[in-house]
Amino acid sequence: MGKPVYPPCGSRSSKTFKPKKNIPEGSHQYELLKHAEATLGSGNLRQAVMLPEGEDLNEWIAVNTVDFFNQINMLYGTITEFCTETSCPVMSAGPRYEYHWADGTNIKKPIKCSAPKYIDYLMTISRCVSGVPFPKNFMSVAKTILKRLFRVYAHIYHQHFDSVMRLQEEAHLNTSFKHFIFFVQEFNLIDRRELAPLQELIEKLGSKDR
């Protein structure tokens with residue numbers, strides 16, 4: 001039923017951390033993305049994340065994962081100067097949550113690394129994920145990417161929200177995160193325990209939408 005199309009592989013430098021939305025115009029995935037954008041415009045995020053009637057679940061999750069990848073890429077790209085090896089020597093979401101990196105191939109045993117290094121690993125590996133057609137483990141791969149994208153949101157909220165406020169991007173961050181949370185909740189894509197660092201915010205965003 002097609003394949004997830006991710007931005008091209010390759011490392012980033014902190015100076016050129018720019019999103020690449022690489023869903024070919026005219027493709028079915030492009031049409032799905034347009035549908036998602038149109039329903040988002042209605043302001044009803046819970047409705048916007050629902051699987052459109054007759055559509056393939058894998059394809060819907062792939063399109064949205066690419067979109068969230070691009071959103072996070074763009075949001076994080078605005079604060080890279082504040083997220084450095086010195087300021088963030090460990091990838092964390094506050095003092096209680098620390099994240100280590102492993103990808104199962106190049107780095108099999110989880111390693112402690114700085115936030116910018118962790119996010120660099122994530123963005124590079126996410127750009128390289130594809131399936132022709134969807135691999136049997138696609139859902140597992142998508143869940144892993146989404147779990148790690150959540151960790152970037154959590155890091156930004158816990159460690160860099162003051163910078164986000166100074167840049168007047170909090171509304172953009174909150175809307176993006178709310179859309180992300182409604183999406184992963186709709187399809188049960190992230191374990192509830194993983195969401196703990198931002199549970200209070202998640203409940204607040206959810207209560208406003210009831």
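Start by selecting Arg46 and Phe182: Arg46 lies over the face of Phe182, 3.8 Å from the ring centre. A charge counts as over a ring if NZ of Lys or CZ of Arg is within 6 Å of the ring centre and within 35 degrees of the ring normal. Now pick Arg148, which sits over the face of Trp101 at 4.1 Å from the ring centre.

A word on what you're looking at: this is a predicted model, where local features need pLDDT of at least 70, side-chain atom pairs count only at pLDDT 80 or more, and totals for chains, interfaces and linings use all residues. Residues are numbered from 1 along each chain as its sequence is written, and side-chain values use heavy atoms, with hydrogens and water left out.

Next, the ring pairs. The whole structure has 10 aromatic pairs (Phe, Tyr and six-membered Trp rings with centres within 6.5 Å; planes under 30 degrees apart are stacked, over 60 edge-to-face, the rest tilted). Select Tyr153 and Phe180: this pair is tilted, at 5.0 Å centre to centre and 50° between the planes. Tyr153 lies in helix 5 (residues 138-166) and Phe180 in helix 6 (residues 170-186), so the pair ties together parts 27 residues apart in sequence. Helices here are DSSP runs of H or I, at least four residues, numbered from the N terminus.

Buried or exposed, Tyr153? Tyr153 is buried, at 0% relative accessibility (buried is under 20% relative accessible area, exposed over 50%, partly exposed in between, with a 1.4 Å probe and protein chains only). Phe180 is buried at 0% too.

Last stop: Asn188, which follows helix 6 and has a positive phi, near 50°.

Technical notes:
Helices (H or I, at least four residues) and strands (E, at least two) are DSSP runs, numbered from the N terminus.
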